[in-house]
Amino acid sequence: MERKGKTSAENLLIKIDQYLISEDYGFVLPHPQTELPSYYDPWMEIASNLSQLIENCQLCSKVEKMPLLSTHALTDYKEQRLAHLALGFITMGYVWQNGSEKAQKVLPGTLAVPFCKLSEVLDLPPVLVYADCVLANWKKKDPSGPLSIENLDVIFSFPGGETSKGFFLVSLLVEMAAAPGIRAIPKIISAMLHQDITSLENALQDVTSSISKMRDAFKLIHGYVNPEVFFNTLRIYLSGWKDNPLMAGGLLYEGVWKTPREFSGGSAGQSSTLQCFDVLLGIHSSPESDSAAAYLQSLRDYMPASHRAFIQALASGPSLRHFVLAAGNDRLQEAFNSCVSALLALRDYHIQVVTKYITIPAGKQKRRGCLFHSAVVPLPEKGTGGTSFMCFLKTIRDLTKNAQLLDI
Ligand code: HEM
Ligand SMILES: Nc1ccc(Cl)cc1-c1cn[nH]n1
């Protein structure tokens, strides 16, 4: 998709579908494939019945009896994304089926070998990523119906039933709300290159409106995700094995690598949407000096390669911040600051949600005196009860706040 000899700005003016970004769906995979050729039935049967197999303690034996399948028949991109999604769900289910304190440390070769081969083809890590369980894990119930949560379903889910489904579908609707903002980005680049202030102002208003609609979609979380089920069940299955005290050294991928390998768990920090808007607005643009920014930047390795390339092209293009500052135009600066304010409001709202869905249930669990381990988000208490992930979120929030352009 990158054309040699073109500047990154000109590359961005290539239609975004060259980066496998949809005009209508943004980074969401449009109309994901829901079936694989029957040769892959052993994978699809397990992934489609994961919760029941875990509940009946049958997952281990099913995986270990799985035939070693070749990935060669997976030639179409949407087939490959569905297969990575299915193997990702099976892998998380297999590792965490006995709870976070009794993680399986070895992934059987019948799963590890095809998962790693397919991950290499897609340039994704061999772990369930956000692009799997949110962006490629959806279908309409009634194909002629609306893109509403009532008419959407997931392809695969974890234990935690409706909460698992709701968490992925609410995230999907947040991503879909971003589409108008993402398709405004090439218009912004073009307006800067052509010194077109009016078009730039209009495109920035599209970004603001889109981010506001993301927050509206986010509010659905309260009606579809239960805090206790999220905290005690779903969160565990999204856990990774990087810097995870419960899986020191990571997971051994049998038949692939001789030593265990570390990979992070699923996180919306892997969302190309939020990282795009951060780069566009020049938020936390110094990973060398800011560990939170460095952590987020490291998660780009967990994004589809073409989406990662789009963010990199955006980051190496003309600075919107500098353009707006140099223009010395009040209305343009207001339009820029409205984008930042909308993103700040989204992050503030997110922190409120995290308090309801993690901090409060964690406090209840502590008061119940349970041995407390968190896998998906290590929750070491820090000083005055400030946890590392909450400090991380507030750092990113504050970096967003500081991105406002001061009055001319
Ligand atoms: C029950 C709901 C949610 C909880 C408990 C939650 C929790 C967290 C936690 C603990 C982190 C920091 C650690 C990490 O990276 O995993 C985080 C990061 C993040 N979450 Fe969520 N989250 C929730 C829903 C969402 C949704 C629906 C979105 C948007 C689709 C989202 C977007 C993000 C982003 C973009 C980050 C990276 C930090 C940032 O850019 O601000 N979260 N979330
Ligand atoms: N919304 C999400 C959906 C899926 C997965 Cl795997 C993670 C998240 C998330 C949210 N915040 N941090 N991670």
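The six donor atoms around the iron atom of ligand 1 form an octahedral arrangement, because the angles they subtend run from 88 to 179°. The structure is a predicted model. Within it, the iron atom of ligand 1 has His350 as its single donor from the protein. Ligand 2 has its own shell of residues, among them Ser171 and Ala268.

**Iron site of ligand 1**

- The NE2 atom of His350 is 2.1 Å from the iron atom of ligand 1.
- His350 is placed in helix H18, and H18 also supplies the largest share of the shell around ligand 1, six residues.
- A polar side-chain atom of His350 is also found 2.8 Å from a nitrogen atom of ligand 1.

**Surroundings of ligand 1**

- Ligand 1 is surrounded by 24 residues, the closest being Ser267, Ala268, Arg347, His350 and Phe389.
- The side chain of Ser267 places an N or O atom 2.9 Å from an oxygen atom of ligand 1.
- For Arg347, a polar side-chain atom lies 2.8 Å from an oxygen atom of ligand 1.
- At least two residues of this shell come from each of H8, helix H15 (291–298), helix H18 (330–367) and helix H19 (388–401).
- The class composition of the shell around ligand 1 is 19 nonpolar, four polar and one charged residues.

**Surroundings of ligand 2**

- The shell around ligand 2 consists of Tyr130, Cys133, Val134, Phe167, Phe168, Ser171, Leu238, Gly266, Ser267 and Ala268.
- From the side chain of Ser171, an N or O atom is 2.9 Å from a nitrogen atom of ligand 2.
- Ala268 contributes through its backbone, with an N or O atom 2.8 Å from a nitrogen atom of ligand 2.
- The protein buries 81% of the 330 Å² that ligand 2 exposes when taken alone.
- Helix H7 (130–133) and helix H8 (161–177) are the elements that give two or more residues to the shell around ligand 2.
- With three residues, H8 gives the most to this shell.
- Seven nonpolar and three polar residues make up the shell around ligand 2, which has no charged residues.

**Residues and elements at both ligands**

- Helix H8 supplies at least two residues to the shell around ligand 1 and three to the shell around ligand 2.

**Salt bridges**

- Side chains that carry opposite charge can pair when their charged atoms come close.
- The count of salt bridges comes to ten.
- One of these salt bridges joins Asp123 and Arg308, whose closest N and O atoms are 3.0 Å apart.
- Asp123 lies in the loop between helix H6 (109–122) and H7, and Arg308 lies in helix H16 (residues 305–315), so the pair ties together parts that are 185 residues apart in sequence.

Terms used
Residues are numbered from 1 along each chain as its sequence is written. Chains are lettered from A and ligands numbered from 1 in the order in which they are written. This is a predicted model: local features need pLDDT of at least 70, side-chain atom pairs count only at pLDDT 80 or more; totals for chains, interfaces and linings use all residues. Side-chain values use heavy atoms; hydrogens and water are left out. A residue is near a molecule or strand if one of its heavy atoms lies within 4 Å of it. A polar contact is a pair of N or O atoms within 3.5 Å; within protein, one must be able to donate a hydrogen and the other to accept it, and residues adjacent in sequence count only if both atoms are side-chain atoms. Accessible areas come from the Shrake-Rupley method with a 1.4 Å probe; for residues, only the protein chains shown count as cover. Helices (H or I, at least four residues) and strands (E, at least two) are DSSP runs, numbered from the N terminus. Ala, Val, Leu, Ile, Met, Phe, Trp, Tyr, Cys and Pro count as nonpolar, Asp, Glu, Lys and Arg as charged, and the others, Gly among them, as polar. Donors are N, O and S atoms within 2.8 Å of the metal (3.2 Å for Na, K and Ca); water is not among the atoms, so sites may look incomplete. Four donors count as tetrahedral if all angles lie between 85 and 135 degrees; four count as square planar and six as octahedral if opposite donors are over 155 degrees apart and all others between 65 and 115; anything else is irregular. A salt bridge is a side-chain nitrogen of Lys or Arg within 4 Å of a carboxyl oxygen of Asp or Glu.
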